[in-house]
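I opened this structure to look up a few places in the chain and write down what I found. The entries below follow the order in which I looked.

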Amino acid sequence: MRSINGVVRQIQLPQVRDPRGDLTFVEGNIHVPFNIARVYYLYNVPVDAERGGHAHRDLEQVVFALSGSFRMKIDDGTNKTEYWLRDPRKGLYINRLIWREMDSFSQGVVCMVLASHPYDEADYYRNYDEFIVAVNEGIK
Ligand code: TYD
């Protein structure tokens, strides 16, 4: 996978293989570069849903497709790229000030997100123009 300015990159988690079923684990500050303050997940997602459409002032996240697949469109204000998430071992690390959109969800998808901070609506840029201004000004 390509990375955007080193602020979006793939993270591969350990896997304990076993005939009884594989096991993957994640520890904050070890497998992901932050303390895990929050975990949330998306499920019952319609296949034609479009989610995301925001960036964050401070939040760092790692996003996984625990089951199924979806597309993550990434924009750092200058460069755009996209990633397909489909492997429960491989997460996408997304630093602050990255615009993201998610679509092309498979039926029954489960998306898990590890986040560096508790939920705070004030941390969101939900307006793309405001996000671009923030990127250009280098402000939080
Ligand atoms: P949002 O982050 O916009 O979801 P997505 O990026 O997956 O499209 O959040 C959707 C709604 O859920 C919004 O009203 C805020 C709320 N929410 C919480 O209350 N707590 C959370 O931890 C998250 C991630 C969202």
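**Entry 1: the ligand**

I began with the shell around the ligand and found that β2 (38-42) and β3 (51-56) each supply at least two residues to it. I note here that the model is a predicted one.

Which residues surround the ligand? I listed Arg38, Tyr40, Leu42, Arg51, Gly52, His54, Tyr119, Tyr124 and Arg126. The ligand sits in the largest pocket.

I then looked up polar side-chain atoms facing oxygen atoms of the ligand. For arginine 38, such an atom lies 2.5 Å from a ligand oxygen. For tyrosine 124, the distance from a polar side-chain atom to an oxygen of the ligand is 2.6 Å. For arginine 126, I wrote down 3.0 Å between a polar side-chain atom and a ligand oxygen. The ligand on its own has 530 Å² of accessible area, and the protein covers 64% of that.

**Entry 2: serine 116**

Next I went to serine 116, which lies in the loop between β9 (110-115) and β10 (124-125). Is serine 116 buried or exposed? Its relative accessibility is 10%, and the cut-off for buried is under 20%, so I put serine 116 down as buried.

What does the side chain of serine 116 reach? One of its polar atoms lies 2.9 Å from the backbone nitrogen of glutamate 60. The side chain of serine 116 also has a polar contact of 2.8 Å with the side chain of histidine 117. With neighbours within four places in sequence set aside, I found serine 116 in contact with Phe34, Asn35, Ala37, Asp58, Leu59 and Glu60.

**Entry 3: threonine 78**

I found threonine 78 in the loop between β5 (70-75) and β6 (80-85). Is threonine 78 buried or exposed? With a relative accessible area of 65%, where over 50% means exposed, threonine 78 is exposed. Threonine 78 and asparagine 136 are 58 residues apart along the chain, and I noted 9.5 Å between their C-alpha atoms.

**Entry 4: the ends of α1**

From there I moved to helix α1 (residues 128-137). At its start, a side-chain oxygen of asparagine 127 reaches to within 2.9 Å of the backbone nitrogen of aspartate 129. Just after α1, I found glycine 138 with a positive phi of about 65°.

**Entry 5: phenylalanine 64**

Phenylalanine 64 has its place in strand β4 (residues 61-67). I noted a relative accessible area of 0%, so phenylalanine 64 is buried. Which residues is phenylalanine 64 in contact with, leaving aside its neighbours within four places in sequence? I listed Leu13, Phe70, Pro88, Arg89, Lys90, Gly91, Val110, Cys111, Met112 and Leu114. Isoleucine 74 is ten residues from phenylalanine 64 along the chain, and the two C-alpha atoms are separated by 15 Å.

**Entry 6: arginine 71**

I looked up arginine 71 in strand β5. At 19% relative accessibility, against a cut-off of under 20%, arginine 71 counts as buried. Its side chain makes a polar contact of 3.2 Å with the side chain of glutamate 82. Not counting residues up to four places away in sequence, I found that arginine 71 touches Glu82, Tyr83, Trp84, Glu101, Met102, Asp103 and Ser104.

Last, I looked for positive phi values in residues other than glycine. Asparagine 29 has a positive phi of about 65°, and I found asparagine 29 in the loop between β1 (8-12) and β2. Leucine 97 has a positive phi near 60°. Leucine 97 is in the loop between β7 (90-94) and β8 (99-103). I put leucine 97 down as buried because its relative accessible area is 13%.

Terms used: Residues are numbered from 1 along each chain as its sequence is written. This is a predicted model: local features need pLDDT of at least 70, side-chain atom pairs count only at pLDDT 80 or more; totals for chains, interfaces and linings use all residues. Side-chain values use heavy atoms; hydrogens and water are left out. Helices (H or I, at least four residues) and strands (E, at least two) are DSSP runs, numbered from the N terminus. Buried means under 20% relative accessible area, exposed over 50%, partly exposed in between (1.4 Å probe, protein chains only). A polar contact is a pair of N or O atoms within 3.5 Å; within protein, one must be able to donate a hydrogen and the other to accept it, and residues adjacent in sequence count only if both atoms are side-chain atoms. Contact means heavy atoms within 4.5 Å. A residue is near a molecule or strand if one of its heavy atoms lies within 4 Å of it. Accessible areas come from the Shrake-Rupley method with a 1.4 Å probe; for residues, only the protein chains shown count as cover. On a 1 Å grid over the protein atoms alone, a cavity is a set of points where a 1.4 Å probe fits but cannot get out, and a pocket is an open set with protein on both sides within 12 Å along at least five of seven lines; lining residues have an atom within 4 Å of a point. A molecule sits in a cavity or pocket if more than half of its atoms lie within 2 Å of its grid points.
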